[in-house]
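Open the model in your viewer and keep the selection panel at hand. The stops below say what to select and what is there.

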Amino acid sequence: MSNHDKELLLRRLEREQLARQETEDILDRVTLKLYHANHSLSQMAVTDRLTQLYNRHKLDEVLIQQQHLAERYKNNFGIIIIDIDFFKKINDAHGHQTGDVILKELSNILKNSSRKSDVVGRWGGEEFMIIIPNVSEQPLFIVAEKLQRDIKKHKFPQVDILTVSMGVSISHPGESFENIISRADEALYQAKENGRNCSYALLHNKSFNLIGAKNAPSS
Amino acid sequence: MRGIIFRTYLSLLTNRFGYEVTDSILLKRDYPNKGGFSSAGNYDVLYLEWLISDGAYLFDNSKDKVWIDFGEYALVHLIKAAKRAHASEGLIANAVNLYDFLENINIIHHEELNKLYPDAKFPSFDIQRVNPRRITIGYSSDHHYPYFVYGLLRGCIEHFNDSSTVTMKRMDALISSPDKHASAYQFEVFGDE
């Protein structure tokens with residue numbers, strides 16, 4: 001091979017190498033961009049847009065996962081459903097924008113008052129759910145009481161008074177999460193029926209336990 | 001402009017005239033990566049104009065002829081690349097005749113390319129199927145490459161092994177761009193029914 005041919009070949013190789021390097025750099029940048037886009041999409045898929053809490057879809061996933069973990073490790077997980085009292089009246093009196101601001105503020109309280117291991121989400125409308133992994137009854141009630149207290153303490157500038165009702169339940173071995181939700185729902189119903197602004201727990205043996213209520217009977 | 005266009009043009013030069021000729025053209029100017037264009041890259045269109053201009057001596061000193069030959073070559077090259085990438089699906093794999101293929105060019109441009117390159121400026125094609133064997137294509141672009149489109153259309157005819165003819169005429173009335181360099185042409189592809 002002549003020197004001329006060698007030089008030609010070297011220049012060709014250098015160009016191809018530079019082009020390849022540029023392709024790899026572009027690929028790295030695109031991959032990173034794609035990674036961020038995917039991450040952002042995954043977050044969007046599980047996040048409630050208004051409150052930035054987990055959405056119903058994510059809560060369903062966590063409930064299934066907690067049911068499996070509870071079965072595997074023979075422990076319990078708790079559920080608290082929180083419902084804003086007379087939320088429709090707030091919307092009617094102050095408008096939906098004010099309603100949205102309240103939902104966001106309450107979401108912040110729920111988030112800040114929960115432990116990092118708890119999963120806080122918007123269950124729908126003015127209802128929220130907190131899933132508390134690996135918990136027994138008394139600590140679960142303490143969490144609920146603390147939430148009730150923190151919400152009472154908070155001043156919502158948009159409305160004079162804002163109260164919530166809560167339904168609490170805890171899992172039992174072999175029980176489906178749908179059952180546990182049903183009990184929490186029923187407990188919430190009891191709280192509403194008994195004057196609102198209070199928390200009820202409906203346990204597996206069907207007895208009602210009052211938490212922080214002022215005028216509701218316990219059975 | 002997309003790097004694949006640069007690479008395709010250099011591949012035309014190399015295949016037809018040898019790498020020594022390509023090398024001599026690349027050495028004439030200061031190109032990014034010393035002329036090592038990446039298919040995935042994006043480069044100033046000025047570089048392509050330099051390459052075309054410096055290659056014109058190989059095509060009877062006619063830049064228009066460079067563009068036409070480049071268009072013909074690019075069509076075949078791009079179809080091969082597209083078939084490699086999408087072996088069994090998509091417009092190219094599914095196209096069975098020249099006219100159906102041309103009629104659907106806008107699908108590629110307006111949907112697929114815009115998704116891939118949201119910042120890029122693509123030419124627009126106003127396609128009218130006059131009859132099964134006659135199609136008119138209005139082309140307007142901020143870049144002035146009608147001879148490249150003409151070459152692409154000739155490449156299409158060749159690819160489908162069709163005996164049709166393509167004609168081109170300037171249509172300034174079609175220009176909607178405020179860019180004074182923008183141009184509009186109408187192409188007509190027709191054949192015996």
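This is a predicted model. Start with the lining of the largest cavity, which by class has three nonpolar, five polar and two charged residues. The space they line has a volume of about 50 Å³. The structure holds one cavity of 30 Å³ or more.

Next, move to chain B and select residues 3-17, which form helix H1. This helix has 15 residues and reaches 21 Å from its first C-alpha to its last, close to the 21 Å expected at 1.5 Å a residue.

Now colour the buried residues of H1(B), including B:Ile5, B:Phe6, B:Thr8, B:Tyr9, B:Leu10 and B:Leu12. What covers the buried residues of this helix? Show helix H1 (3-46) of chain A, and in chain B helix H2 (19-26), helix H3 (45-55) and helix H4 (63-85); the cover includes these.

From B:Tyr9, go on to the largest nonpolar core, which has 52 residues. Together with B:Tyr9, the members that touch the most others are B:Leu51, B:Phe70, B:Leu102 and B:Val189. H4(B) gives the most to this core, with eight residues.

Centre on B:Phe70: beyond its neighbours within four places in sequence, B:Phe70 is in contact with B:Ile5, B:Thr8, B:Tyr9, B:Leu12, B:Ile52 and B:Phe148.

For the last stop, select A:Leu110, A:Ile132, A:Val135 and A:Ala201. They are among the 31 residues of another core, which lies apart from the largest one.

Methods:
Residues numbered from 1 in each chain as written. Chains lettered and ligands numbered in written order. Predicted model: local features only at pLDDT ≥ 70, side-chain atom pairs only at ≥ 80, totals over all residues. Heavy atoms only, no water. Helix = DSSP H or I, 4+ residues; strand = E, 2+ residues; numbered from the N terminus. Expected span 1.5 Å × (residues − 1). Buried < 20%, exposed > 50% of the residue type's maximum accessible area, 1.4 Å probe, protein only. Contact = heavy atoms within 4.5 Å. 1 Å grid on protein atoms, 1.4 Å probe; cavity = no way out; pocket = protein on both sides within 12 Å on 5 of 7 lines; lining within 4 Å. Points joined across faces, edges and corners; volume = space filled by probe spheres on them. Nonpolar A, V, L, I, M, F, W, Y, C, P; charged D, E, K, R; others polar. Core = buried A, V, L, I, M, F, W, Y, C linked by side-chain atoms within 4.5 Å.
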